[in-house]
Amino acid sequence: MSARVRRWAATSALVVGIGLAAAPAAFQMFSRAPLGGTMIDDFRPYMRTAKIDSFRAHMDEIDAAATEATDLRTTMIADGALTAEDYDAKYGGVNTLTADWATIDADMGDLLDRMDTNMGNYAAVAALPPFPMFPWFFVLPGVMVAAVAASVLWSLRQGTPHRRRLWALAALGVALIAAPAVFQMFTRAPKGADMIDSFRPMMTRERVQDVQRYFITLGGAEGQLRVGLLPAYEAAGGDAADYPAIAAWSAEWPTIVGEFNPMIATMSDNVDNFQAVDALPPFGLFPWFFVLPGALVGGAAMLALRQTDPPTQPNEKETS
Amino acid sequence: MKASRPTTRLLVATVGALSLFGAACSDDDTTTTTAAPTTEAAGDPTTTVADVETTMAETTVPATDPMVMYEGDLVGLFSIDAGACADGAVTGSYFQMVMPGGTAEAGPFIGNADSACADTNYSLLAAGADGGLMTGAAQAAPDPAFDATGNGLADSIVAPVTFFAVAFAAATDPNEAMPMVSAADGVLTGDLSAFTAYYGTGIFNQGAPKPDGSGAAPTGTIDPETGVYTLEWTSLIVGGSFDGFTGVWHLEGTFAPNG
């Protein structure tokens, strides 16, 4: 009876070990986890308060300029410098900005909010061991558990001592249970899950293309204001100084391009990476992928040990 | 009456002398005919002169067929004629940016308010410090490739062009295939996969074909005698902030071989 229990326990541990080792392949972790690591690295420059604040300041500048652009149209038409039809024909880019600005502002604001509110979550995920190592956290303990369990089964078949091997199996089980706590996975993994959930609406090809269009709208409008509209306003007797926000936007625009351009690139280049990470099992479950197999292996080992007579001699005299 | 032996000898000598004189006059005529094409063919005396001599000998009129000078691999400088806009027409070299889903023929294009053209879909190009695009040699971007505000600094091929208030620049990436253009019967094609644009701290391959071999090769024409050419290509931007956009490049100028 006790031998059957020990054999059952070792077989269970063997199955758990093989399952643990095979899990990364089943979940395509070897290909997906490094992509997640790339995404974490790429977003690092933007997941900082100073950077988000800088983007928000730029959005405020553009908001003020868009408001002035609306006023400028009204003024120029009222002054008779241009008819409404002429204005709209000549400065369609500015019209697009003033018409779309509320949408652009809300959408870009949403992106910045998502990045801002996830800074803590990002930091927690970034503090995890490197993503490319994730699969090996399953493979290595899985192989060790399977190997020790197999050796126990072999010993049972050969009738040789195996008590130490059962203790080793129990130790591996305890290590698996302890690993998530050691790596603070219980706190960090749910934060990763929150970040994934929060980023999901913004890390899509459609959303990235929206942002690209916003950039074109902004660039086109800024250029028309700077090159066409304000000079026309001055030619009609106006003073460009009446619209300081437009001038400020134009002065700042090259800097804005230099900051937004790489951020859009980061979003664009990481859509696929994000989707790979999103296809992994939920981050919140990751600690339990260690705890549960660990409990099974440890419990099976302890059960087998209870069915195994302790050594009769102090110097290693195991029973089978 | 029979001629005496000395008289016979004198007659034979006179006839022989006249024959030699006639032959000498005939040789002089031939030399005059071949001298002219030798001078006309001075541009390529090694191979073209023989052909012209043959033609002249057969037809005895000066050659009228164009002299094919620019054929095969063209290694040298494709000088760039500056783009210009006059009366609504765009001439010379220019760049256009096609929105995702658009085409080089129909757009939609991104209007560049900084363009010198009324039709802001065209951004005009002017020759850079090297005078144009070199084949058989890389024209790498400087390091750093950008100034503090993201303006591209490469200026060998074309002068940096302001686009949305920020200058984009072009270079050929020395890590990619060496730029090469070849001509066949006045039609150009080649490998410009190394062609790269620099804008707003972003680096965008604008090669044709792309470095992975996808996309079309550049196309164009060249006057085999003068080297006057047009060369154009489109290049899809893959990755980065302009992912999905397409650059359209149109170069005009004159090719000059190395040496």
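Mentor: Contact here means heavy atoms within 4.5 Å. The model is predicted, so local features need pLDDT of at least 70 and side-chain atom pairs count only at pLDDT 80 or more, while totals for chains, interfaces and linings use all residues. Residues are numbered from 1 along each chain as its sequence is written, chains are lettered from A in the order in which they are written, and side-chain values use heavy atoms, without hydrogens and water.

F43(A) and W249(A) have the most contacts inside the largest nonpolar core, a set of 121 residues (buried Ala, Val, Leu, Ile, Met, Phe, Trp, Tyr and Cys joined through side-chain atoms within 4.5 Å; buried is under 20% relative accessible area, 1.4 Å probe, protein chains only). Helix α10(A) gives this core its largest share, eleven residues (helices are DSSP runs of H or I, at least four residues, numbered from the N terminus). Beyond its neighbours within four places in sequence, F43(A) touches M115(A), Y122(A), F199(A), M202(A), M203(A), T266(A), M267(A) and N270(A). A separate second core has eight residues, among them A9(A) and V152(A).

As for the interface, 22 residues of chain A are in contact with 19 of chain B. Two salt bridges cross it (a side-chain nitrogen of Lys or Arg within 4 Å of a carboxyl oxygen of Asp or Glu); R226(A) and D114(B) form a salt bridge at 2.8 Å, N to O. On the chain A side, α10 (205-235) and α11 (244-269) each supply at least two of the residues that touch chain B.

Definitions and conventions:
Buried < 20%, exposed > 50% of the residue type's maximum accessible area, 1.4 Å probe, protein only.
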